[in-house]
Amino acid sequence: MKPISLTFVLFSTLLISSACFAQIPILNTYDTPQPKVVAPGLTSTENGVAAPSDAVILFDGKDLSEWNSKNGEPQWAVHDGIFTVTKGTGDIYTKKEFFDFQLHIEFMHPSDITGDGQMRGNSGVFLHGLYEIQVLETYNNENKTYVNGQAGAIYRQHPPLVNPLKKPGQWNSYDIIFTAPTFNADKTYRTNPRVTILLNGILIQNNAVIYGCTSDEKIYEQLKGGIRLQDHGCVVSYRNIWVREL
Ligand code: MG
């Protein structure tokens with residue numbers, strides 16, 4: 001067999017490299033739209049992340065005018081710049097609906113909390129009204145429950161990667177980045193909904209695939225939806241809620 005010459009190898013490598021480079025589209029950065037300028041909110045460990053300039057404010061500490069319930073105006077109690085679940089009055093829903101979004105929301109369990117398992121500080125943040133990010137008092141993993149039902153779980157689908165929940169009486173924050181699903185003609189998912197979540201600034205769900213509605217495991221052909229907060233018969237407070245549609 002004839003030995004392959006070094007020149008041939010070098011020439012071939014050069015040709016292959018050129019072909020590879022040629023296939024990569026290089027954007028002319030001057031022709032692309034510039035990113036929108038957004039003023040970041042003030043950050044404080046005590047007060048969470050304040051809304052940036054382009055956010056839709058869903059609760060600013062004053063009233064629940066951005067929210068509804070099944071029976072009309074929400075009966076949850078607004079007090080001291082926060083609001084608290086009034087047990088037995090039902091879930092509340094945002095009036096506005098969103099496609100893909102970034103959501104910031106803060107929640108706290110009372111320091112005199114009682115109950116255990118799923119009845120200890122249970123509430124939930126439902127994305128598009130369908131996909132529940134669990135709210136539960138599971139500080140330090142002391143409240144035993146199923147792992148994909150603890151705080152930070154995509155309910156009954158994915159447990160959180162870690163548990164950075166704070167003690168009852170302290171505020172927690174969720175920063176949630178949600179990608180809406182798309183659908184095939186037969187109403188199955190073409191692309192599933194996906195979610196990334198930070199709890200108290202710590203990554204707990206990393207672009208996780210959502211398999212369907214967390215309540216009944218069905219797929220609903222729904223392109224956009226609001227934020228729903230759950231009345232699960234437990235006292236949980238919320239504050240500083242804002243969303244940026246993406
Ligand atoms: Mg719940």
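Modeller: This is a predicted model. A search of the whole structure finds ten aromatic pairs. Start with Phe59 and Phe83. Their ring centres lie 4.7 Å apart, and their planes meet at 85°. Planes over 60 degrees apart count as edge-to-face, so this pair is edge-to-face. Where do the two residues sit? Phe59 belongs to strand E3 (residues 56-59), and Phe83 belongs to strand E6 (residues 82-84). The pair therefore ties together parts that are 24 residues apart in sequence. Phe59 is buried, and Phe83 is buried too.

Phe83 has another partner, Trp67. Here the centres are 6.3 Å apart, with 55° between the planes. That pair is tilted. Trp67 lies in strand E4 (residues 67-69), while Phe83 is in strand E6, so this contact ties together parts that are 16 residues apart in sequence. Trp67 is buried, like Phe83.

Now put the rings together. Ring pairs link Phe59, Trp67, Trp76, Phe83 and Tyr238 into a cluster.

One more ring deserves a look, this time with a charge over it. Arg228 lies over the face of Phe126, at 3.9 Å from the ring centre.

To finish, here is the metal site. The magnesium ion is coordinated at 2.1 to 2.3 Å by Asn122 (OD1), Ser123 (O), Glu132 (OE), Gln134 (OE1) and Gln230 (OE1).

Technical notes
Residues are numbered from 1 along each chain as its sequence is written. This is a predicted model: local features need pLDDT of at least 70, side-chain atom pairs count only at pLDDT 80 or more; totals for chains, interfaces and linings use all residues. Side-chain values use heavy atoms; hydrogens and water are left out. Donors are N, O and S atoms within 2.8 Å of the metal (3.2 Å for Na, K and Ca); water is not among the atoms, so sites may look incomplete. Rings of Phe, Tyr and Trp (its six-membered ring) pair if their centres lie within 6.5 Å; planes under 30 degrees apart count as stacked, over 60 as edge-to-face and the rest as tilted. Helices (H or I, at least four residues) and strands (E, at least two) are DSSP runs, numbered from the N terminus. Buried means under 20% relative accessible area, exposed over 50%, partly exposed in between (1.4 Å probe, protein chains only). A charge sits over a ring if NZ of Lys or CZ of Arg is within 6 Å of the ring centre and within 35 degrees of the ring normal.
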